[in-house]
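Here is a short briefing on a protein complex. Look at the model first, then work through the points below.

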Amino acid sequence: MAAGVATWLPFARAAAVGWLPLAKKTMPKPPVDKSSRSDEILFVNVSGLRFQTWKNTLDRYPDTLLGSSEKEFFYNEDTQEYFFDRDPEMFRHILNFYRTGKLHYPRHECIQAFDEELAFYGIVPEIIGDCCMEEYRDRKKENQERLAEDTEASEATDAPLPPDSTSRERLWRAFENPHTSTMALVFYYVTGFFIAVSVIANVVETVPCRAPKGSVKDLPCGEKYALAFFCMDTACVLIFTFEYLMRLFAAPSRCKFMRSVMSVIDVVAIMPYYIGLVMPENEDVSGAFVTLRVFRVFRIFKFSRHSQGLRILGYTLKSCASELGFLLFSLTMAIIIFATVMFYAEKGTKGSSFTSIPASFWYTIVTMTTLGYGDMVPNTIAGKIFGSICSLSGVLVIALPVPVIVSNFSRIYHQNQRADKMRAQQKVRLARIRMAKKGTANAFLQYKEDGGLGDRDSDSTALCLKNRSAFEHQHHHLLHCLEKTTNHEFTDELTYSEVCMTESVGFRTSRSTSLSSQQGAQNNSTGCCPRRAKRRAAMRLANSTVSVSRGSVQELDTLHVKTTTVPPQTRSSLNARADDLKLNCGERDFTAAIISIPTPPANTPDESLPPSPAIPGILRNTRATAYTHDTVKISSL
Amino acid sequence: MGAVVGTLTMQTKQRKPSRDRTDDELEMTMVSHRPEGLEQLEAQTNFSKQELQILYRGFKNECPSGVVNEETFKHIYAQFFPHGDASMYAHYLFNAFDTTNNGSIKFEDFVMGLSTLLRGTLREKLEWTFHLYDINRDGYINREEMTEIVRAIYDMMGKYTYPAIKGDVPQQHVDAFFQKMDKNKDGVVTLEEFIVACQEDEMMMRSMQLFENVM
């Protein structure tokens with residue numbers, strides 16, 4: 001219901017007194033109106049800008065934030081006002097909606113910001129007044145299109161393929177995006193070259209070459225060097241056929257591919273050759289065959305795969321189909337009218353070239369397009385008058401739909417430019433996002449490395465915790481809680497993928513044994529890790545999550561050989577790990593764990609334990625965590 | 001051909017100015033109306049100053065020009081009864097409020113009507129209702145008028161009711177009304193008959209009291 005209706009409701013209820021004499025039954029009890037009828041002024045403070053309004057004004061729309069009790073959540077007792085931390089400029093429009101009952105869309109605002117404000121205040125955008133609704137809808141549609149383009153660009157086809165794609169998918173991708181692999185690029189350029197060769201051959205064929213000796217006439221080169229041209233044609237057609245068959249094989253949906261425009265062009269380009277091969281050499285059909293050769297010129301359309309501008313032009317013409325249709329229709333109308341008029345105007349004169357109305361079509365077309373060949377000219381006065389009217393109107397009729405087509409082309413072209421720009425920007429943006437994400441992940445890992453986990457000596461913790469905000473503290477604490485809950489730890493992508501690789505290479509058994517030996521050596525109790533088989537199974541679980549750097553794997557081997565208990569490193573976290581390990585072993589209740597490596601280590605494979613103190617911090621980390629990796633907590637759940 | 005199109009467009013241009021002139025005239029006649037002072041209204045009605053303020057603010061917001069014409073009134077009233085067609089009853093209601101009979105309700109009319117209905121004495125309310133039913137203002141309610149009113153009320157119910165409204169239900173209702181109200185059986189109901197009959201009706205008196213605190 002509209003706003004004002006709320007104000008009229010008491011009146012309508014009062015008017016119900018008029019029904020009372022007619023009523024057959026007693027009236028029901030009216031609802032108890034708890035709220036006081038007196039009105040008061042409310043103060044609404046939006047980011048410092050104070051608005052005042054009657055309470056009744058806001059109550060007009062009880063299903064919005066300001067009209068319902070939801071606003072009590074924002075009530076500030078001290079200042080006796082409702083405080084909203086939102087855009088005060090936008091709030092002006094929102095409040096006007098309550099006052100006037102019409103929501104207006106401010107044209108200078110971003111459509112998304114406006115939508116968000118509306119969503120916050122619980123106002124449905126559908127009630128935007130008619131004056132602003134069209135603009136709002138246009139902007140919203142434009143924004144959505146742009147976002148759709150963004151998502152399309154983000155899932156762009158030049159993203160890397162999933163590793164388990166079939167050869168068919170890879171082939172298709174190579175055809176569609178030649179930039180993805182060198183082979184595809186080579187193929188792309190080779191086909192382009194052959195298209196050009198074929199087109200040039202077609203053209204040169206018809207140029208008159210010097211006649212062979214003994215003949216007077218000039219022969220076209222096609223007949224003089226028939227064999228050479230035939231060989232070239234064969235080669236081109238072979239390449240095209242091969243390409244077409246490859247595409248057909250690789251296409252994910254063969255029917256759809258066969259129906260697509262490019263495939264039709266391909267077929268039309270190579271058909272004449274095959275038909276020519278098949279057809280016998282008699283005179284009757286060779287005339288038709290010659291016309292078929294005309295279709296060879298369609299090979300030039302194959303270039304549209306290679307040129308984006310050509311594709312845009314084709315797309316524009318397709319999207320302007322209605323305007324083009326209108327142009328054609330109006331031209332046809334005009335041609336018929338003027339041809340008729342000119343024919344009858346020129347009918348009387350002797351030797352006039354306007355022999356029939358269809359013959360006058362030619363004159364009309366030539367005049368309307370301002371070509372003016374002069375092969376047909378009117379001689380009578382009436383004919384000349386109508387001829388001039390014809391040429392003037394021709395200019396007008398052609399000039400009218402052209403700007404529409406031009407603007408369409410411009411819009412599509414710019415859209416395309418924007419898509420390309422967006423794609424380039426997207427790469428940069430994704431890289432930045434990835435770095436930021438890695439930063440936070442690394443921050444947490446660094447935090448743990450620096451001993452922020454809370455169970456160590458105080459002097460090291462004081463140093464490490466100095467540069468973190470309260471937010472980071474709480475965030476890290478949260479992540480730590482999650483780790484404790486699942487009894488897994490966070491690690492980074494590099495080491496995780498390396499684990500996957502090393503696992504596939506088959507380090508499993510050696511590691512398990514080395515680890516078991518390490519375990520045993522470390523803890524002096526075989527009871528910690530009772531059953532090897534079960535542990536191996538758990539190890540498979542653990543391996544998929546255990547992070548190993550390549551260097552540390554090799555160290556494992558060396559460890560395996562050494563089978564010594566390597567003294568724990570000086571990092572306090574290491575101590576904690578070992579302690580934890582002991583504790584856990586005592587409990588006999590293990591869960592597989594991931595040991596984290598804080599930063600992607602600069603792996604130097606040939607470092608042996610124990611490291612020299614001169615090694616820079618990062619490598620020390622590597623060492624330490626490599627070691628902790630050895631003492632990974634394995635368990636059977 | 002372009003010349004033909006050109007002459008056509010020129011023709012349409014000439015026709016526009018005359019229409020614009022009538023629009024201008026309409027604009028000038030739409031003058032806003034201001035009510036009498038607050039104290040006067042307070043004296044004339046049974047509302048307090050604050051209540052009048054609240055009422056006027058709502059009224060002015062809906063009708064910035066200060067008057068409600070019948071179309072707007074019908075439109076507003078129809079919003080309360082979306083099931084059926086409230087236009088006829090709204091028409092009669094409009095006439096009941098429009099005491100000056102000039103086709104528009106000013107704020108004074110509005111407030112006086114409300115005052116009678118909500119804060120008036122029993123007799124005032126009954127008189128108001130009588131004036132509502134008496135369409136032609138001749139002091140008598142005859143059968144046709146009553147039938148009109150009853151039919152208008154049933155129209156507001158709409159088509160989908162339970163039990164379904166059959167064709168003769170309004171007529172029966174009118175007959176029942178006349179039976180109750182028309183004491184001397186002369187086919188019309190006068191004001192006195194009406195008031196006496198209503199005061200005798202226990203049910204109605206009870207219902208009247210329920211409407212005390214609408215505002």
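A salt bridge is a side-chain nitrogen of Lys or Arg within 4 Å of a carboxyl oxygen of Asp or Glu. Over all chains, the structure holds 23 salt bridges. This is a predicted model, in which local features need pLDDT of at least 70 and side-chain atom pairs count only at pLDDT 80 or more, while totals for chains, interfaces and linings use all residues. Residues are numbered from 1 along each chain as its sequence is written, chains are lettered from A and ligands numbered from 1 in the order in which they are written, and side-chain values use heavy atoms, with hydrogens and water left out.

**Confidence**

- pLDDT is the predictor's confidence in each residue, from 0 to 100.
- Chain B has a mean pLDDT of 80, with 83% of its residues at 70 or more.
- Chain A averages 73, and 69% of its residues score at least 70.
- Helices (H or I, at least four residues) and strands (E, at least two) are DSSP runs, numbered from the N terminus.
- Among the elements of chain A, helix 15 (residues 357-368) has the highest mean pLDDT, 93. Helix 25 (residues 617-630) has the lowest, 39.
- Contact means heavy atoms within 4.5 Å.
- Over residues 507-637 of chain A, pLDDT stays under 50. The model has 217 contacts beyond four places in sequence for this stretch.
- For the complex, the predictor gives an ipTM of 0.75 and a pTM of 0.51.

**Where the chains meet**

- The size of an interface is often given as the accessible area lost when the parts come together.
- Buried area is that loss (1.4 Å probe), summed over both parts.
- Chains A and B bury about 4,000 Å² between them, and 73% of it is on carbon and sulfur atoms.
- A:Trp8, A:Phe11 and A:Leu22 supply 20% of the area that chain A buries against chain B, more than any other three residues.
- In contact are 42 residues of chain A and 50 residues of chain B.
- How many salt bridges are there between chain A and chain B? The count is zero.
- A polar contact is a pair of N or O atoms within 3.5 Å; within protein, one must be able to donate a hydrogen and the other to accept it, and residues adjacent in sequence count only if both atoms are side-chain atoms.
- Between chain A and chain B, one residue pair is in polar contact (both at pLDDT 80 or more).
- Helix 1 (3-15), helix 14 (321-345) and helix 16 (381-399) of chain A each supply at least two residues of the side that touches chain B.
- Helix 1 of chain A gives the largest share of that side, eleven residues.

- UniProt (unreviewed entry) lists "transmembrane region" for spans of chain A including residues 183-204 and 257-279. Such annotations may be inferred rather than shown by experiment.
- Residues 183-204 of chain A are 100% helix and 0% strand, and the end C-alpha atoms lie 31 Å apart.
- Residues 257-279 of chain A are 91% helix and 0% strand, with end C-alpha atoms 28 Å apart.
- A:Glu243 and A:Arg247 meet through their side chains in a salt bridge (2.9 Å, N to O). They are separated by about one helical turn because they are four residues apart in helix 9 (residues 226-250) of chain A.

**Chain B: around B:Thr190**

- B:Thr190 is in the loop between strand 4 (188-189) and helix 10 (191-200) of chain B.
- Leaving aside neighbours within four places in sequence, B:Thr190 is in contact with B:Phe130, B:Gly139 and B:Tyr140.

Technical notes:
Buried area = accessible area lost by both parts, 1.4 Å probe.
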